Amino acid sequence: VEYPQYQMNSTDDIEMIPVSDDPQVYLRDVARWSTRLTPGEYDRLNQQRFITVTGNIYEKDLGAALKEVNAAVASLGELPKGVKVLVKGQAELLNDTMSSLQSGLVIAIVVIFLLLSANFQSFRLSLVTLSIVPAVVSGSLFFLLITGKTLNIQSYMGMIMAVGVAIANGILFITNAEQFRKEGNRLAYREGAFNRLRPILMTSLAMIAGMIPMSLGLGEGGDQVAPLGIAVIGGLLFSLASTLLLLPLIYHRVQGGKPNSSASLDPDDVESSFYQPS
């Protein structure tokens, strides 16, 4: 039996629904009713009911909103048996993308370390070259912080680009300093920095100048790619100072006083030896 909705205007109308003609019995005589909260709509997935709760982000980035959502879910404590809370949508894609970028950055650093080890034939020099990476990361994060930008996909890509340029500048210095050291120059770290000052400055400043328009976020959609330029500029500025000031000191501390010996495994290979008596 179904009553037209336009005839049900109040709770009294519901109570006066007749359930029997003889004698006259109404719904209020045989039943009680009360109000309660219930889902207005739910769906099923693999025979399990689920309810989707959606929300829009206002003046907040997705990463910060995701942290608050996870904190709210954790504050619920132990959920009833059979109840699960799953975070879906763009948050899931963000986690996968950031995890892939972090893994890619680590793998890139490991591959660069192995290539440098094969080139310099020294793990020590490879570590000295990679010591510039923390300065790049610090510079990128600092500039993102002071400009109010977030660590997102674009800024991660910019950080990776800055790491590549900084390591290239580090290789320029290390290669030149090694050449002076093998020639017996006790100030190889200083001569290497002075000799490669112009190429390092030109490479870094040209990259920084090219990223300034992008960092300003000009044009349609410019705000989306601005973190990439800001991350590159901050990383290169910090790496530029570190390459010319700190990296020579690290190199001199680790490698400057080492004797010039051949990396050849043949003890009779005199021609390949760079050893010079002090």
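1. Where is tyrosine 6 found? Tyrosine 6 sits in the segment before α1 (11–15). Its relative accessibility is 62%, so tyrosine 6 counts as exposed (exposed is over 50%, buried under 20%, partly exposed in between, with a 1.4 Å probe and protein chains only). Helices here are DSSP runs of H or I with at least four residues, numbered from the N terminus.

2. A quick word on what you're looking at. This is a predicted model, where local features need pLDDT of at least 70 and side-chain atom pairs count only at pLDDT 80 or more, while totals for chains, interfaces and linings use all residues. Residues are numbered from 1 along each chain as its sequence is written, and side-chain values use heavy atoms, leaving out hydrogens and water.

3. Back to tyrosine 6: 77 Å separates its C-alpha atom from that of leucine 240, and the two residues are 234 apart along the chain.

4. Now the core. The largest nonpolar core has 32 residues (a core is a set of buried Ala, Val, Leu, Ile, Met, Phe, Trp, Tyr and Cys residues joined through side-chain atoms within 4.5 Å). Leu130, Ile167, Phe173, Ile174, Leu236 and Tyr251 touch the most other members. The largest share of this core, 9 residues, is from α10. Another core, of 5 residues, lies apart from it, with Met98 and Tyr156 among its members.

5. Finally, look at α7 and α8. Phe173 and Phe180 are among the α7 residues that meet α8, where the partners include Tyr189 and Ala193 (contact means heavy atoms within 4.5 Å).

How values were computed. Helix = DSSP H or I, 4+ residues; strand = E, 2+ residues; numbered from the N terminus.
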